[in-house]
2 protein chains.
Amino acid sequence: MIYINAIGYLAAFCTTISFLPQAIKTIRTRDTSGISLLMYAIFTLGTLFWLIYGLLGNQWPVAAANAVTFVLALTILFYKIRYK
Amino acid sequence: MIYINAIGYLAAFCTTISFLPQAIKTIRTRDTSGISLLMYAIFTLGTLFWLIYGLLGNQWPVAAANAVTFVLALTILFYKIRYK
């Protein structure tokens, strides 16, 4: 049971932190040509729903992880719209 | 409680399906210049961990959603490596 939770934390860490190198790359290069606007529009909305779900359901790990991902995804979405 | 679950399902739907327009765009255009290799390497690994977590913990919605996201993310990662 403990090792299943460990896999869950590892999974949450990976899928959350993965958006950091993308955000850094996008901010630095402003190259958003290969990035899908529709993906980031839907994904950012999705992380906002996860954040609300985590807050309303008192699931703090879900809320915390998605607060981070929401900010990173919103940044990438902003650059995609700004430097289309 | 029911509406909290509804927000959760909506969140899962959005963050899962969002990778479909990105995968379609990447397959069609082969333009991966703005896409971060590091993001997709870490993210694909993360969805694999979520899939394993869902299967081991009998959390079928987690397993199903991440099986879909894993395939989509792996496709984008493949194109990023192939058409760098």
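**A buried tyrosine, a pocket and a surface patch**

Trainee: In this predicted model, is A:Tyr40 buried or exposed?

Mentor: A:Tyr40 has a relative accessible area of 1%, and the cut-off for a buried residue is under 20%. Because 1% falls under that cut-off, A:Tyr40 in this predicted model counts as buried.

Trainee: How far apart in space are A:Tyr40 and A:Ala73, C-alpha to C-alpha?

Mentor: A:Tyr40 is found in helix α3 of chain A. Although 33 residues separate A:Tyr40 from A:Ala73 in sequence, their C-alpha atoms are apart in space by 6.6 Å.

Trainee: Which element gives the most to the lining of the largest pocket?

Mentor: The largest pocket holds about 1,200 Å³ of space, and the elements that give two or more residues to its lining are α1, α3 and α4 of chain A together with α1, α3 and α4 of chain B. Its lining has 35 residues, with A:Trp50, A:Val62, A:Asn66, B:Trp50 and B:Val62 lying nearest the centre, and it divides into 19 nonpolar, 16 polar and no charged residues. With seven residues, the element that gives the most is α1(B).

Trainee: Which helix gives the largest share of the nonpolar patch on the surface?

Mentor: The patch is formed by A:Leu45, A:Leu48, A:Ile52, A:Leu56 and B:Tyr3, which together have about 420 Å² of accessible area. One of these residues, A:Leu56, has its place in helix α3 of chain A and is partly exposed, with a relative accessible area of 37%. The largest share, four residues, comes from chain A, from the helix spanning residues 37-56, namely α3.

How values were computed
Residues numbered from 1 in each chain as written. Chains lettered and ligands numbered in written order. Predicted model: local features only at pLDDT ≥ 70, side-chain atom pairs only at ≥ 80, totals over all residues. Heavy atoms only, no water. Patch = residues over 30% accessible without salt bridge, like charges linked within 9 Å, V, L, I, M, F, W, Y side chains within 5 Å. Areas by Shrake-Rupley, 256 points an atom, 1.4 Å probe, with all protein chains shown as cover. Salt bridge = Lys/Arg side-chain N within 4 Å of Asp/Glu carboxyl O. Buried < 20%, exposed > 50% of the residue type's maximum accessible area, 1.4 Å probe, protein only. 1 Å grid on protein atoms, 1.4 Å probe; cavity = no way out; pocket = protein on both sides within 12 Å on 5 of 7 lines; lining within 4 Å. Points joined across faces, edges and corners; volume = space filled by probe spheres on them. Nonpolar A, V, L, I, M, F, W, Y, C, P; charged D, E, K, R; others polar.
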